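Below is a short note on the model, in numbered points. Please read it beside the sequence and the structure.

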Amino acid sequence: VNRTTIVRAYDILKSEGLIVSRPGKGTTVTSRPSVVISGLDRLDRLTPTGRWYGPGEDSTGHRVLRRSAYDAEVCRALEIEPGEEVVIRIRTFRQDARRPSVGVPASPPRTTTAVAELAEEERMEGFFGEPYTERTGREVTPGQRTGHARQASQDEIDALQLDVPAHVAVAVLVTSVTFHDEEGPLAYWEDVYAPGERVPMS
């Protein structure tokens, strides 16, 4: 195997917290992943392995909702007017006994028209961009991933199973990315991380 390939594989494993290297002691497998990866990072895993999930990881709480979008960030990212309908798919990621993050992608009507599976209750195993490109002939590309902190909603507190009194504000880190084709935005993905979780930044 080419040395560059080996170095890249080690870098990916380190970035996901699966291995740790110590000078003079070599590289060892960690007891559990020490970092939580975003939906965008999962696409990098999906391409070579065909899997969304890492070791000891799965998801729960899958829901599909049709909602009128009033959140200013969602409307700006998807270039829609407040009140326009979007499809939201929610899932809570689990690593062993922890619930480190919640994924919340939102898609406007033009995306769900091309990929009707986005509006169905069943889990989507792959990336929506593949069937979208096959059906429309247009390439899907991610924009810049950004991060910010904000107060968690009660739904997010419940999904992450945070044990806090109802009147206490909880700060969470949120990373987001918008996917586009040449005609404009197709989806806006948010990942909401539980307090204390470590997130690799690239």
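Are Phe127 and Phe128 buried or exposed?

1. Both Phe127 and Phe128 are buried, where buried means under 20% relative accessible area, exposed means over 50%, and partly exposed lies in between (1.4 Å probe, protein chains only). Phe128 counts as buried because its relative accessibility is 3%.

2. On the basis of the note: this is a predicted model, in which local features need pLDDT of at least 70 and side-chain atom pairs count only at pLDDT 80 or more, while totals for chains, interfaces and linings use all residues. Residues are numbered from 1 along each chain as its sequence is written, and side-chain values use heavy atoms, with hydrogens and water left out.

3. The chain has six helices and nine strands, taken as DSSP runs (helices H or I, at least four residues; strands E, at least two) and numbered from the N terminus. Its C-alpha atoms fill a box of roughly 60 × 50 × 30 Å along the principal axes. Of the 202 residues, 43% are buried.

4. Six aromatic pairs are counted, the rule being that rings of Phe, Tyr and Trp (its six-membered ring) pair if their centres lie within 6.5 Å, with planes under 30 degrees apart called stacked, over 60 edge-to-face and the rest tilted. One of them joins Phe127 and Phe128 edge-to-face, at 4.9 Å centre to centre and 65° between the planes. Phe128 also pairs edge-to-face with Phe179, at 6.0 Å and 85°. This second pair links distant parts of the chain, 51 residues apart: Phe128 is in the loop between helix H4 (109–114) and helix H5 (129–136), and Phe179 is in strand S8 (residues 171–181). Phe179 is buried because its relative accessible area is 1%. Ring pairs join Phe127, Phe128, Phe179 and Trp189 into a cluster.

5. The charged end of Arg42 sits over the ring of Phe93, 3.8 Å from the ring centre. The criterion is NZ of Lys or CZ of Arg within 6 Å of the ring centre and within 35 degrees of the ring normal.

6. Val1 lies in the segment before helix H1 (3–15) and is exposed, with a relative accessible area of 86%.
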